[in-house]
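Please look over the sequence and the structure below before reading on.

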Amino acid sequence: MAAAEYDVIILGGGPGGYVAAIRARQLGLRTALVEREQLGGICLNWGCIPTKALLRTAEINDLLHHLDAHGFSADNVRVDFAKVVARSRAVAKRLSAGVRHLMRKNTVDVIDGHGRLLGGGRIVVEKAGTVVGESAAAHVIVATGARARGLPGIEPDGALIWTYKEALVPERLPQSLLIIGAGAIGIEFASFYRDMGSEVTVVEALPRILPAEDEEISAAARKTFEKRGIRIHTKATVQSVEKGRDDVTAVVDLGGGVLSPVTVERVILAVGITGNVEGIGLEATRAEVEQGHIVVNEWLATGEPGLYAIGDVVGPPWLAHKASHEAVVCVEHLAGVSGVRPLEPTNIPACTYCRPQVASVGLTEAAARANGREVRVGRFPYQANGKAIALGETEGLVKTVFDGSTGALLGAHLIGPDATELIHGFVIAKTLETTEAELMHCIFPHPTLSEVIGESTLDAFGRALHI
Ligand code: NAD
């Protein structure tokens, strides 16, 4: 191996890579981070953060349309769409600058360019195809992320057929949209654009929207989105698209030989993502790639000694917080920190920031039952929660899944206001391997939405107090 200039080199500065760099410096490792675009990766620049800024605008827009319920009246409320987009971009920019500050503060060497593995811990950095440097380290971590998948015949063109990137920076509000795919990306954009006033149609190949969520939560989400006027076709695909000058006509295959044409201004493709495994020199190593993702063990190590991979590039769930946690596990393990524990997949929460929000952790009811366990399920509606009624946001449900014999919390599933914040209660409980007995011992402040955590736990054991 070449003489190591660094202890760790990381390829990619998203929530996996930059967190790995910070943790490595905290442990005293000489660390370099190679990034070819903006620090913060897709999450900060083109994903989690700017979408949340847009969704906040949508939330305000919705409130403005229901002022009457709170005793207000206002005329002529207008929206400047360019300002909405500019605010979202400013939020992303501020956070990316924040990551640069963190790199400086932690004395991480940030190398601007595209990193490629040469094998044996060496990497070469290129800019616009020209080699600008070479480095070596005892440990190299690949954190190159993932990108949107296309569909044959429906490739994004940046103009009429969008990926999440174009959907984040529209020049104006499209009057009508077809969204292909009802996972987190499809549903968040459906929610945003519908709230802002677009006609939205969603086409999903599987039998339900948000198919990774508990069936009851998917069904509740569908009901509320349809009530808001979002057209949803499940078990459906888009057979073909024909582009016009400023619109697209898509033929939706509704199944059973039924074809339905729909003409929209724009199409958003949200059918999943695939790992960025190309052009990074993996072929110069013994790392294996399967179905577009790097194969790693529980310590995020590849088949090449000293080479690790974390985050979206190692496969699902493709979530920023999973990437950051893997970063910490990976760096602590390679640094020989004692007591490091591998990531437990059933403790990774999932959040979709549509309106109402959806969040979950652990096993769905169906998955728990499929494990052959005796299962106890609790449910509690937001409409029986005092704070929700005071807020005027009573739509939603909390569902808890417990092991019937041990009382262990197996999963929790929420749809409703602040679901993406409330899920933390269940995440802590599940990570601490809590049973119903400890949860029933917790005192939830009144009046808060968090009382739904206690009540849905009580309900699983036939003891709910407020229903
Ligand atoms: P996804 O895998 O979550 O959803 C894609 C959906 O498209 C699936 O439901 C799939 O069945 C459907 N689909 C696939 N092919 C289709 C076809 N030909 N026709 C119709 N439907 C089809 O992927 P995504 O929504 O693109 O998001 C990518 C990743 O980013 C996901 O892992 C997601 O969890 C993550 N993400 C997370 C958040 C969040 O945490 N809030 C937000 C956005 C994205």
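Predicted model: local features only at pLDDT ≥ 70, side-chain atom pairs only at ≥ 80, totals over all residues.

Most peptide bonds are trans, and most residues other than glycine have a negative phi, which is the background for the first two groups of points below.

- Proline 317 belongs to the loop that runs between strand β19 (307-309) and helix α8 (320-334).

**Positive phi outside glycine**

- Asparagine 76, which is not a glycine, has a positive phi near 60 degrees, and its position is in the loop between α3 (48-64) and α4 (81-105).
- Asparagine 76 counts as exposed because its relative accessibility is 63%, and exposed stands for values over 50%.
- Glutamate 433 likewise has a positive phi, of about 55 degrees, although it is not a glycine, and this residue is found in the loop between α11 (419-431) and α12 (436-441).
- With a relative accessible area of 68%, glutamate 433 is exposed.

**Surroundings of the ligand**

- The ligand is surrounded by 23 residues, of which the closest are Ile185, Glu188, Glu204, Gly272 and Cys351.
- By class, the shell around the ligand is made up of 17 nonpolar, 4 polar and 2 charged residues.
- Helix α6 (residues 184-196) contributes the most to this shell, with 3 residues.
- The side chain of glutamate 204 has an N or O atom that is 2.6 Å from an oxygen atom of the ligand.
- On the backbone, an N or O atom of cysteine 351 lies 2.6 Å from a nitrogen atom of the ligand, while a polar backbone atom of alanine 184 is 3.3 Å from an oxygen atom of the ligand.
- Taken alone, the ligand exposes 840 Å², and the protein buries 79% of that area.

**Cavities**

- How many cavities of 30 Å³ or more does the structure hold? There are 2 of them.
- The largest cavity has a volume of about 60 Å³, and its lining consists of Leu117, Gly119, Gly120, Gly121, Arg122, Val140, Thr285, Glu304, Pro305, Gly306 and Leu307.
- Sorted by class, the lining of the largest cavity has 4 nonpolar, 5 polar and 2 charged residues.
- For the second largest cavity the volume is about 40 Å³, and the residues that line it are Ala148, Arg149, Tyr164, Ile185, Leu269, Ala270, Val271, Gly272 and Ile273.
- The lining of the second largest cavity divides into 7 nonpolar, 1 polar and 1 charged residues.
- Ile185 and Gly272, which are among the residues lining the second largest cavity, are also among the closest residues to the ligand.

Note on methods:
Residues numbered from 1 in each chain as written. Heavy atoms only, no water. 1 Å grid on protein atoms, 1.4 Å probe; cavity = no way out; pocket = protein on both sides within 12 Å on 5 of 7 lines; lining within 4 Å. Points joined across faces, edges and corners; volume = space filled by probe spheres on them. Nonpolar A, V, L, I, M, F, W, Y, C, P; charged D, E, K, R; others polar. Near = heavy atom within 4 Å. Polar contact = N/O pair within 3.5 Å; in protein donor to acceptor, adjacent residues only side chain to side chain. Areas by Shrake-Rupley, 256 points an atom, 1.4 Å probe, with all protein chains shown as cover. Helix = DSSP H or I, 4+ residues; strand = E, 2+ residues; numbered from the N terminus. Buried < 20%, exposed > 50% of the residue type's maximum accessible area, 1.4 Å probe, protein only.
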